[in-house]
Amino acid sequence: MKTAYSILSFLSLFPSLAFAAGLGNPYTGATIFPIPAYVAEVNAAVATITNSTLKAKAATVAQIPTFFWMDVASKVSTFGTYLAAANARGSNQLVQAVIYDLPDRDCSAQASAGEFSIANGGVQNYENYINSIAAQVTKFPNVRVVFAVEPDSLPNLVTNLGVAKCANAASTYKSLVAHAISNLQQNNVWLYIDAGHSGWLGWPANLSPAAQLFGQVLKMSSSGSTVRGLATDVSNYNLLRGAEDPAQAPNPNFDEELYINALAPMLTQNGFPANFIVDQGRSGVSGIRTAEGDWCNVKGAGLGMRPTTNTGNTLIDSIVVKPPGESDGTSNTSSSRFDSHCTQGDAAQPAPEAGTWFQSYFQSLVQNANPAL
Ligand SMILES: *[C@@H]1O[C@H](CO)[C@@H](O)[C@H](O)[C@H]1NC(C)=O
Ligand SMILES: *[C@@H]1O[C@H](CO)[C@@H](O)[C@H](O)[C@H]1NC(C)=O
């Protein structure tokens, strides 16, 4: 680990280099780059809306910064073009992306199964994927890059080792997340490792095992200086703070802030930095799930808090947003990636494949936005 003292004394000599992970909140003073692919999706969606009130509200969503989901290796070159575009805009630009291509991905569900498998060269493929991402960020040292790392992967190792695919993938997930950390040590990078959400790892029995696992994976990396903390509620529906969602009962840590406050001291004990980003992209409406574990295109959801560093909690660097309108998974029972969560009573249907545009769901997210758009 770099020591804060040596970096600070170095920076006092070269104030123009006044950012480096580990020193602070990357979102402070940053302008978040709008992801062009998402802006295009929203603009195309808006063009098909006839209700003029809804159309005007939907159009404003294009201005909400989101993460670029690198769910296949072929998207890394697109990511590179976004870094170049951000670089051309000037200083303090921040690009957000999700690293999401582990072999045997989504080990406890089906809907987001990925392109790489452990049995078929997936470890080497993933190392190449990470190295290609590193090559892109190295080209643009003046652009701040925030990565959310591998949604659901380490959380699955806390609670789902009873699933054979997860048990088989456990050591690979750990070593490859450590590989990602080791190879993304550029000074313009901040990593937030995915930590599930309050209704998952927030249960009291899961907190300490989770903190130990995050600490273990960080220690497995050759250097973890650019690990800023954890990302929570990515693609989920929990409130940052608010009244208890009945689906969470009897979990005492029933919202993201309670979860974060409970986990933070345990992270510190395990040598892991206790800073967070929290996705509130679909957390505008609480109490819409039959069961807390329901995750697929939950009906009645609305856009939640907009991205801000004014989070009301010093542990939380920023509120962030997954691209609202992209599906969590298909409701087509014949699809190879069909997951039964996507045809439950509280799932919006018919739903297209994970990651693809879901127009009617987008419109209801806009309609139910809280705060209103
Ligand atoms: C048009 O959209 C607005 C805002 O979402 C909504 O309140 C209203 O009910 C819609 N009108 C119709 C006719 O659907
Ligand atoms: C459902 O998936 C099957 C298999 O991929 C495909 O043939 C079929 O066209 C899909 N149905 C719909 C309604 O998209």
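Predicted model: local features only at pLDDT ≥ 70, side-chain atom pairs only at ≥ 80, totals over all residues.
Reader: OK, and how many aromatic pairs does a search of the whole structure find?

Author: The search finds eight aromatic pairs. In one of them, the rings of W357 and F362 have centres 4.9 Å apart and planes at 50°, so this pair is described as tilted.

Reader: Is F362 buried or exposed?

Author: F362 is buried, because its relative accessible area is 0%.

Reader: And why is the pair of F358 and Y361 called stacked?

Author: The planes of the F358 and Y361 rings are at 20°, with the centres 5.4 Å apart, and so the pair counts as stacked, since planes under 30 degrees apart fall into that class.

Reader: Which residues form an aromatic cluster?

Author: F33, F68 and Y82 form one aromatic cluster.

Reader: What about charges, which ring does R105 sit over?

Author: The charged end of R105 is placed over the ring of Y100, at 4.1 Å from the centre of that ring. In a further case, K322 lies over the face of W69, and there the distance to the ring centre is 5.8 Å.

Reader: Changing topic, which residues touch the most other members in the largest nonpolar core?

Author: That core has 89 residues, and the ones touching the most other members are M70, F79, I99, I133, F147, I193 and F214. Helix α7, which covers residues 164-183, provides the largest share of this core, namely nine residues. There is also a second, separate core of 14 residues, which includes F67, W190, I277 and V320.

Reader: What does I99 touch, leaving out residues up to four places away in sequence?

Author: With those set aside, I99 touches a list of residues including M70, Y126, Y129, I130, I133, F147 and L184.

Reader: And where does Q136 lie?

Author: Q136 lies in helix α5, which spans residues 122-139. Its relative accessibility is 13%, so Q136 counts as buried. Apart from neighbours within four places in sequence, Q136 is in contact with V76, S77, F79, G80 and L83.

Reader: Which residues surround ligand 1?

Author: Ligand 1 is surrounded by N51, T53, L54, K57 and Q367. An oxygen atom of the ligand is 2.5 Å from an N or O atom in the side chain of N51, and for the side chain of Q367 the corresponding distance is 3.1 Å.

Reader: Now the backbone: which peptide bond is cis, with omega near 0°?

Author: The bond from A249 to P250 is cis, with omega near 0°, and P250 is found in the loop between β6 (227-232) and α9 (256-269). Q349 and P350 are also joined by a cis peptide bond, where omega is about -5°. P350 is in the loop between β8 (316-320) and α10 (359-367).

Reader: Why would anyone point these out?

Author: Most peptide bonds are trans, and most residues other than glycine have a negative phi.

Reader: Is D152 buried or partly exposed?

Author: D152 is partly exposed, because its relative accessible area is 26%, whereas D104 is buried at 14%. D152 lies in the loop between β4 (144-149) and α6 (153-159), and D104 in the loop between β3 (93-99) and α5.

Technical notes:
Residues numbered from 1 in each chain as written. Chains lettered and ligands numbered in written order. Heavy atoms only, no water. Core = buried A, V, L, I, M, F, W, Y, C linked by side-chain atoms within 4.5 Å. Buried < 20%, exposed > 50% of the residue type's maximum accessible area, 1.4 Å probe, protein only. Helix = DSSP H or I, 4+ residues; strand = E, 2+ residues; numbered from the N terminus. Contact = heavy atoms within 4.5 Å. Phe/Tyr/Trp six-rings, centres within 6.5 Å; stacked < 30°, edge-to-face > 60°. Lys NZ or Arg CZ within 6 Å of the ring centre and 35° of its normal. Near = heavy atom within 4 Å. Polar contact = N/O pair within 3.5 Å; in protein donor to acceptor, adjacent residues only side chain to side chain.
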